[in-house]
Amino acid sequence: MTAYKQSNINRLVFLFLVFQVLPLLSPPIAHCQFQEKQILVLNSYHPGYSWSDDIMEGIRSVFPEDGESVVLHIEYMDTKRFSPEKSFVLLEQLYQIKHQLSNYDLIIASDNNALNFLKQNNNKLFPNIPIVFCGINNYRDDLIAGLDKITGVAEDVDYSETIKLALKLHPATSHIVAISDGTVSANENLSQFQKDIPGIDPRITIVELTALSPQELSVALAKLPPTSILFHLDYYSPPKSRHLSVKESFAFINKSCSLPIYVSTDNKMGMGAIGGVVITGYLQGKAAAHMAEEILSGKPISEIPIQKVSPKKTVFDYQLLKRFQIDLSILPEDSVIINQPESFYAHYRTIILVASGIIFFLTLFSILLSIFYIKQRQSEKKYRGLFDDALDMIHIVNEDGIIVDANPIVLHTLGYTRDEYSGKLLIDIVHPGYKEKTRMALRHLSEGENISDFESVLISKSGVQINVEVNAVPEIKDGKLVSARAIIRNISKRKELEGRFRRVVMESPFPEMLHAEDGEVLLVNKIWTELTGYSIDEIQTISAWIEKAYGQDKDVVRKKIDRLYSLNSRIHEGEYTITCKDGAQLIWDFSSVPLGSLMDGRQLVLSTAVDITQRKTLEERLLQAQKMEAIGTLAGGIVHDFNNILSPIIGYTEIALESIPAGSPATLDMKEVLNAANRAKELVKQILSFSRHTDMELQPLKIQFVIKEALKLLHSSIPSTIEIRENIDTNCGPVYADPTQIHQTIMNLCTNAYHSMREKGGILQVSLIPVQFSQEDLTNKIDLRAGPYVQLEVSDTGHGMTQNVLKKIFEPYFTTKGKGEGTGLGLSVVHGIVKSLKGDITVYSEQGKGTTFRIYFPVIASEIENNSIGQTQEVLPVGNERILIVDDDERIIHMNQKMLSSLGYKVTSATSGKEALKIFRTEPESFDLVITDMTMPHITGQQLAENILSINPDMPIILCTGFSELITKEKAASIGIRKFLTKPLVKMDLAKNVREALDK
């Protein structure tokens, strides 16, 4: 009994020891094999959004759903469709309840909203859990501030690469348009886009279409020019509208415009985007999952750096490349092209192999004969249905041209019953004018040829003419025509529209030409032929038109015209000079519009011109007038100082001549100095005449006498190799003119003529005849009114001028003469004189054939007796009165003192207006006359005169000026000034005017 009990006790102890040891002997990893890791994926968006789906696909490629070691818990925050600001509060409450008992090993945050949510709520919801992020736009280190144990993959969107690529593929781009919807992620993308856009061509306009409703966006897109390109940043949550999917967003934008769209993420490819340098959601998710895998395996998160550069690839859609006519050869070498069609064999390889096998086996079975018979009957029935239901007229005719069968539309159109129509000859329903062409077409059919796009006219039973287009196919057996099938389309409406279009073009008030891609000119309207003189027979091709009309510019024009056939919108070609058949030149402003393809495939273009010749002529005249006005202002500005320089030269020379003995050799030298100064004085008059600042002494004048005297001078100065011929009508009526200016005009014109003939000699022809202009005689080339005129013509047989020189001859300082041979003012002065006398001047010249100037002066009604240009010698008037002279130039003061003293006057001088006024106020009764310069510092001559007259209203005052815009002769007289003189003054002028002022 004791032994039995001991044995039982021993067994119990053994079993106890076994059960205690067994757990220690089992492998420690056995428990871990079933301890799963828990990962929470916070996805910012929603299932079905392609970017989210791509990220999840990348994550699942590392952690598959059927894996045993990792369990994915996915939360879709849906912030693409619902505002994050409103959602975060509700999501925080939901996750507090839903995940409070969860024990996650790691969190993957997909996109910015998920990361932002964790920044706000991580410590409360998921404390101390490692975080791996991906898809973060515009990553900055401050985005993860406040989060520990975090790493991840930035969504490194670089728009600059896509922008550069797009501009290379679309070199004519004028607008870059960014489209976004105003959500958080959209604003981040827009911010990055704005950083990447600087540095492009400043002529390109940047447009941002942000947070617009679909209606507003549609309107904005429709207004964009055709040279725009779009960048789709985000457009899924437009204001006042439901959320859009990627496909819906692109479908809406493509419906609103037909512009190329570029993107930065691959989830948008295949939806309507042409391409871009893109990042992928799949690679973002995969990279984040690999980081999570390393963390779960025990690697410290601090040793896993944030990946700030995203992998990218260049992707294009083949269908859109073709649509926008982009050559695949200019794409980057590493480009991925989607939707590219496979070869026929590659695409249908399986079908081809299966079909081959089927054909092989079907040949083994005779049952196919019965199947084929059944199918044939079905095909015949189907063919008959197609035949009867066709909208085009279908005829079947036999070898004799007799109608065997016709579909119902034929009978309805032509008004016959089937019994009436069957058995008729096809030629009998053809219009008489087209019968011969139809017989020839039937002969071609009998020879086995197809008939394509043959136009004819059929006659219905009621006699109505029907325009048709015929395509026919013959059935040939044993080399003979058995029958023919003809499909006949009613094109009466099209012909009517073509006729109306032709009438619109022909009657257009603008020149219009219709031309085809191969250069054939199809139509030229009436106004085109009337303006140019070329008939349609002379310009049957674009090459013929270019050769005749464009001259030296023809190669440039030809290249531009070649571009017109590839257009998809209207283009403004610009202005061209057209040479007409008679040699006249017109300026046309061209625009062209593509009209699509002709039936033979050729592109068609309508070119329209606006004749702007008259407008250009007026613009040139306005420019010429502005140039003359500008130079006139400059000329007036230098005259004052120049006259002040000439005054002492002339004055002191006259004084010197009076003091030198008559026979002295110095007399001749001083006279030459005086002559030179007088020539300079005349040059000043030319400048003033050109600038219209002189008061011309106009008087009724018979200019024939002035011209004859000028020609007498020319006879002695022009060499005998040049023959001067005169044709001066002495009966020409008088004109209002200044003799000096007429003399100056004829001398300048004849001098120019002499210069053009001095090398080889020639004939100088000068004529003056009366002419009468009616309103019909006047053209836009002559700026005159109807009435009587005298025509002064100066022509030469010299070397002539080019058209470019002719455009500039009236410009001041323009000259073709050598250095020192001319100032370039001569013709400018002539132009100013003629215009000031209300006349006009024309010029005609050809190289090698000489030049002709014609000047027209209006004739006045009054008659005058005669004109003489000579002057009699006058005696200098003298006196003994007291004179106060004022001038800020001491040389002029001294000169005038000597002159006046030599005439017997007592002279007091002052070198400023202040000094003179002080002297006069001190002794107002000590002076009989005051002579003052106009332009002086502090007090002008006018102000001095007004002060003196306020003291003594009867004081005679002479005002002198080299030139001043501030005062005129009339204004001086209104103040009370007795005399108004223009510098430089010769002694005779000074003596006469002093005496007249004192004696008045």
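Begin by selecting Pro984, which sits in the loop between strand S34 (979–982) and helix H32 (987–999). The peptide bond joining Lys983 to Pro984 is cis, with omega at about -5°. Please bear in mind throughout that this is a predicted model.

**The whole chain**

Zoom out to the protein chain, whose secondary structure comes to 32 helices and 34 strands. Of its 1000 residues, 45% are buried. If contacts with a separation of 6 or more are considered, 63% of them are between residues 24 or more positions apart.

**Two loop residues with positive phi**

Select His938 next, in the loop between strand S32 (929–933) and helix H30 (941–951). His938 is not a glycine, yet its phi is positive, at about 70°. Is His938 buried or exposed? Its relative accessibility is 67%, so His938 counts as exposed.

Move to Lys149, in the loop between strand S4 (131–137) and strand S5 (150–155). Lys149 is likewise a residue other than glycine with a positive phi, here near 50°.

**Helices H6 and H7**

Select residues 159–169 (helix H6) together with residues 184–196 (helix H7); their axes come within 8 Å and cross at roughly 60°. H6 is therefore oblique to H7. The crossing of H6 with H7 is right-handed. To see the contact, display the side chains of Tyr159, Ser160 and Ile163 in H6, which meet Asn189, Gln192, Phe193 and Asp196 in H7. Sorted by class, the residues of this contact are 3 nonpolar, 3 polar and 1 charged.

Stay with H6 and colour its buried residues: Tyr159, Ser160, Thr162, Ile163, Leu165, Ala166 and Leu169. Which elements cover them? The cover includes H7 and several strands, among them S6 (175–180), S8 (228–232) and S9 (261–262). Strand S10 (275–279) and strand S11 (312–317) are also included in that cover.

**A sheet of five strands**

Now turn to the open sheet formed by 5 strands in the order S19-S18-S22-S21-S20, with antiparallel pairing. Strands of a sheet pair through backbone hydrogen bonds, in either a parallel or an antiparallel arrangement. Which strands form the edges? They are S19 (521–524) and S20 (571–579), each of which pairs on one side only. From one strand to the next, the twist averages 25°.

Within the sheet, select S21 (residues 585–597) and S22 (residues 603–611), which pair in the antiparallel sense over 8 bridges. Phe590 has Ala609 of S22 as its bridge partner.

Helix H20 lies across S18, S19, S20 and S21, and runs at about 55° to S20.

Select Asn525, in the loop between S19 and helix H19 (526–532). Is Asn525 buried or exposed? Its relative accessibility is 0%, so Asn525 counts as buried. Neighbours within four places in sequence aside, the residues in contact with Asn525 are Val505, Met506, Ser508, Phe510, Pro511 and Glu512.

**Helices H20 and H21**

For the last stop, select H20 (residues 542–549) and H21 (residues 554–563). Two packed helices are described by the angle between their axes and the distance between the axes. The axes of H20 and H21 come within 9 Å and cross at roughly 150°. H20 and H21 are therefore roughly antiparallel to each other, because angles over 145 degrees fall in that class. Their crossing is right-handed. Display Ile542, Ile546 and Glu547 of H20 with Lys554, Val557, Arg558 and Ile561 of H21 to see the residues that make the contact. These residues divide into 4 nonpolar, no polar and 3 charged.

Conventions. Residues are numbered from 1 along each chain as its sequence is written. This is a predicted model: local features need pLDDT of at least 70, side-chain atom pairs count only at pLDDT 80 or more; totals for chains, interfaces and linings use all residues. Side-chain values use heavy atoms; hydrogens and water are left out. Axes are lines fitted to C-alpha atoms, for helices over the stretch in contact, and angles run from 0 to 180 degrees between N-to-C directions. Helices (H or I, at least four residues) and strands (E, at least two) are DSSP runs, numbered from the N terminus. Angles under 35 degrees count as roughly parallel, over 145 as roughly antiparallel, 65 to 115 as roughly perpendicular and the rest as oblique. A crossing is left-handed if the near helix is turned anticlockwise from the far one by less than a right angle, and right-handed if clockwise. Contact means heavy atoms within 4.5 Å. Ala, Val, Leu, Ile, Met, Phe, Trp, Tyr, Cys and Pro count as nonpolar, Asp, Glu, Lys and Arg as charged, and the others, Gly among them, as polar. Two strands pair if DSSP finds at least two bridges between them. Buried means under 20% relative accessible area, exposed over 50%, partly exposed in between (1.4 Å probe, protein chains only).
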